[in-house]
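This briefing is intended for a reader who has the sequence and the coordinates at hand. Please keep the display open while reading the points that follow.

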Amino acid sequence: MLTSLGARVVRRPWLFLVAAVVLVLDAVLLGAGLPGRLSDTGTTDPASESARVQRVLEEHYPEQQPNLVLLVSVPGDARVDDRALAGQGVRLAERLAFEDGVVGVVSYWQTGLADLRSRDGRQAVIAARIEGGTDRARDALERLAPRFRGEQGDLTVRISGALAVQNEIESTVAADLTRSELVALPLTLAVLVWVFGGLVAASLPVLVGLATVVGTGAVLRLVTEVTEVSVFAQNLTTALGLGLAIDYALLIVRRFREELAAGAPPPDAVVRTVRTAGRTVLFSALTVAVALASMLLLPLAFLHSLAWAGISVVVLAALTSLTVLPAVLRLLGHRVDAWPVRRRKRAPAAPRGRVTEAVMRRAPLVTVAVTGLLLVLGLPFLGAEFGTADHRQLPAASEARAVQEALRERFGGSPEGALPVLLEPGGAPDAQARAATGRVAAKLSALDGVTRVESSAGTYRDGARSEGASPVDATRSTAGHDLLTVVAEDDTAATSAAHQRLVGAVRAAAGPDGARVGGPAAAVLDTKASIGRGLVPALAFVLGATLLLVFLLTGSAVLPLLTVALNALSLTAMFGAVVWGFQEGRLSGLLGFTPTGDVETTLPVLMFCVAFGLSMDYGVFLIARVKEEYDRGGGHREAVVRGMRATGGLITAAAVVLSVVFVSIGLSRITNTKMLGLGVALAVLVDAFVVRALLVPAVLRLLGARAWWAPRALRRVHRRFGLREAPAPYDTALPGPLSPAPAERTSHERHAVTR
């Protein structure tokens with residue numbers, strides 16, 4: 001198949017290029033409207049208890065679920081209760097209530113609720129809910145914000161709420177993405193110039209990467225037609241698309257130059273390159289896609305959207321590298337070496353071999369030391385606390401964040417500490433239902449950590465009804481639900497560990513009475529439970545696919561287990577850094593973010609899938625190269641040394657390129673994006689420079705020939721279905737910093753998989 005594809009490219013290179021240009025132009029137009037179609041929803045299981053409560057609240061209690069908040073400030077030393085200013089506040093709230101799509105408007109001046117007035121009396125809140133789906137609500141916010149923000153008579157208005165936070169996150173992500181691309185491309189070009197020694201050869205992977213990035217936007221735009229796509233998908237898929245496209249193009253260009261150096265005419269060199277290095281690209285795309293596909297087994301739309309988007313982009317990167325790039329190489333021919341910036345000279349392979357031999361001489365010490373170091377680096381993850389993203393993801397200068405901080409610091413009642421509790425309709429008369437609600441409210445108000453419970457039966461404290469009416473006018477919906485609001489003593493973030501413990505206590509106490517608990521803390525608990533249920537099949541899928549692929553490549557029953565274990569070990573530093581640096585905030589000063597004391601619940605799953613796929617990619621290349629050398633009859637020790645020498649430079653260069661791309665994504669002002677980019681970059685570097693360079697040769701030395709053992713039944717399976725390497729089409733190598741000795745092709749070059 002690949003030989004046929006290469007032949008078609010050679011015969012009609014201009015056809016492939018013209019088609020690529022047309023598709024890129026179409027992709028530019030199609031992807032232009034992408035930012036407005038992304039969302040930050042889908043991080044909860046729609047079948048969970050908290051999600052069901054949220055749907056009821058949005059339908060029957062919109063005033064209890066505001067997504068638009070107007071923080072109103074009065075001038076000078078005035079107070080919000082001053083007669084003239086209070087009149088302006090009432091009119092402002094009435095004006096908002098008459099806007100299309102706005103419901104549940106509640107203000108301090110209309111209700112007199114102390115929780116809507118700042119402690120110093122100089123600020124008050126108007127809260128409302130904008131109806132509709134994500135797109136409709138966003139459009140309404142963009143229409144309303146300019147009309148209500150700023151000076152409104154003697155009052156000054158700033159805008160926040162869930163919608164405003166989401167809108168600012170999306171706009172910040174889009175701006176940061178552009179900046180990341182501007183940072184990543186020049187640095188990547190510099191790395192490639194060092195690799196190839198010439199501007200033309202170095203620019204080709206960058207051009208392929210740019211085409212893939214443009215195509216990424218179009219792919220995501222198409223995915224939004226069938227499912228919601230997270231705002232963070234754009235950063236992830238851009239990083240994957242750019243990094244993998246450049247990585248794959250690096251392999252293709254390098255192999256093409258080596259074919260030319262071996263004396264092949266340019267057309268033959270293109271066909272051979274597609275046939276051999278092209279198989280490497282296909283296998284790499286398969287390994288990354290398998291890891292991403294595991295997220296489809298978790299019941300969260302957020303992860304599903306990232307999985308589909310990521311798989312699509314991996315396929316796009318592979319197709320671009322196997323069609324467009326070979327067409328360009330066919331037209332360039334020997335001019336691929338034009339515009340040299342330095343003299344190419346053979347980089348000695350001996351130092352890499354000497355390092356491997358030194359490691360193998362001290363294999364027990366290296367194995368214990370490196371394994372111990374990686375395990376220690378991962379220890380902080382044992383103290384991970386999980387939460388959900390909030391306004392603190394935004395930079396400190398954000399208006400939406402500043403308003404949320406003001407509400408938290410200057411207003412009483414701690415609305416973040418309130419848990420909505422729904423009592424299902426039981427068909428009882430109103431009087432009996434109210435009495436039942438009162439009994440549940442009294443029970444919940446007596447729980448440790450609860451300040452009060454507000455309900456249709458009144459306000460309850462310490463197990464008894466307080467004097468005076470409930471501050472909530474109507475807490476019984478037309479569907480017969482009763483809403484109780486449990487206000488917590490703890491004034492920490494709504495998803496803190498204390499609030500999660502309170503959710504558990506409320507569910508245990510009121511669950512037998514038919515109560516269902518919602519709110520951010522309940523959503524986090526439900527999300528963790530959903531991920532826990534789906535984690536076993538997801539891990540089984542990833543590990544099973546990994547074991548199968550490595551077995552088909554090597555025929556060993558030991559090496560697949562070793563590959564999985566080392567891949568997992570290479571991720572420990574990433575997870576430890578997430579907790580140590582981000583959750584605990586030890587890198588907050590250096591990286592410029594606000595620590596929240598927890599990690600977004602779905603982020604470790606996403607980071608694992610991405611980093612494990614990339615780690616598996618390089619790990620299998622290395623093991624398979626060692627297998628090739630072993631099959632040549634050189635002995636186990638010599639096979640490890642020659643395999644390490646052959647793959648070290650290329651894996652290092654590819655890892656540097658990928659880390660540059662992910663570090664540029666990590667420069668984002670959004671904390672979760674920063675965590676994702678820098679965490680994956682760290683995992684890639686640890687995998688390349690620690691696990692592959694030190695731990696793999698040490699462990700292989702300890703295993704000896706036992707590394708190739710397999711039971712007789714599995715050996716028969718491998719003889720029938722195993723993947724074997726094509727023989728080398730040449731025996732010379734192109735001089736350059738990545739070139740090994742003449743007979744020692746790299747694992748990417750070696751990885752021409754055939755039946």
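The model is predicted.

**Overall build**

- Among contacts in the chain with a separation of 6 or more, 80% are between residues 24 or more positions apart.

- Strand 4 covers residues 123–130, and because eight of its eight residues are buried, the strand is largely enclosed by the rest of the structure.
- In a regular strand, side chains alternate between the two faces of the sheet.
- Gln 123, Val 125, Ala 127 and Arg 129 point one way from strand 4, while Ala 124, Ile 126, Ala 128 and Ile 130 point the other way; all of these residues are buried.
- Strand 2 (residues 68–73) runs antiparallel to strand 4 and is joined to it by six bridges.
- Strand 3 (residues 102–107) is also paired with strand 4 in the antiparallel sense, over four bridges.
- Ile 126 of strand 4 is the bridge partner of Leu 70, and Ile 126 is likewise the bridge partner of Ser 107.

**Cavities**

- Rolling a probe the size of a water molecule over the atoms shows where empty space is left.
- The structure contains six cavities of 30 Å³ or more, and the largest cavity holds about 100 Å³ of space.
- The largest cavity is lined by 16 residues, of which Gln 393, Thr 596, Asp 598, Glu 600 and Asn 672 are the closest to its centre.
- Helix 19 (572–583), strand 15 (599–600) and helix 23 (671–703) are the elements that give two or more residues to this lining.
- Helix 23 contributes the most to the lining of the largest cavity, with three residues.
- By class, six residues of the lining of the largest cavity are nonpolar, six are polar and four are charged.

**Second largest pocket**

- The volume of the second largest pocket is about 700 Å³.
- Its lining comprises 27 residues, and those closest to the centre of the pocket are Ala 20, Val 24, Ala 211, Thr 320 and Val 324.
- Two or more lining residues of the second largest pocket come from each of helix 2 (13–31), helix 8 (199–223) and helix 11 (301–332).
- The lining of the second largest pocket divides into 23 nonpolar residues, three polar residues and one charged residue.

**Loop residues with positive phi**

- Trp 339 lies in the loop between helix 11 and helix 12 (350–361).
- The phi of Trp 339 is near 55°, a positive value in a residue other than glycine.
- Trp 339 counts as exposed because its relative accessibility is 61%, and the cut-off for exposed is over 50%.
- Asp 462 is placed in the loop between strand 11 (458–461) and strand 12 (464–465).
- Although Asp 462 is not a glycine, its phi is positive, at about 50°.
- With a relative accessible area of 67%, Asp 462 is exposed.

Conventions. Residues numbered from 1 in each chain as written. Predicted model: local features only at pLDDT ≥ 70, side-chain atom pairs only at ≥ 80, totals over all residues. Heavy atoms only, no water. 1 Å grid on protein atoms, 1.4 Å probe; cavity = no way out; pocket = protein on both sides within 12 Å on 5 of 7 lines; lining within 4 Å. Points joined across faces, edges and corners; volume = space filled by probe spheres on them. Nonpolar A, V, L, I, M, F, W, Y, C, P; charged D, E, K, R; others polar. Contact = heavy atoms within 4.5 Å. Buried < 20%, exposed > 50% of the residue type's maximum accessible area, 1.4 Å probe, protein only. Pairing = 2+ DSSP bridges.
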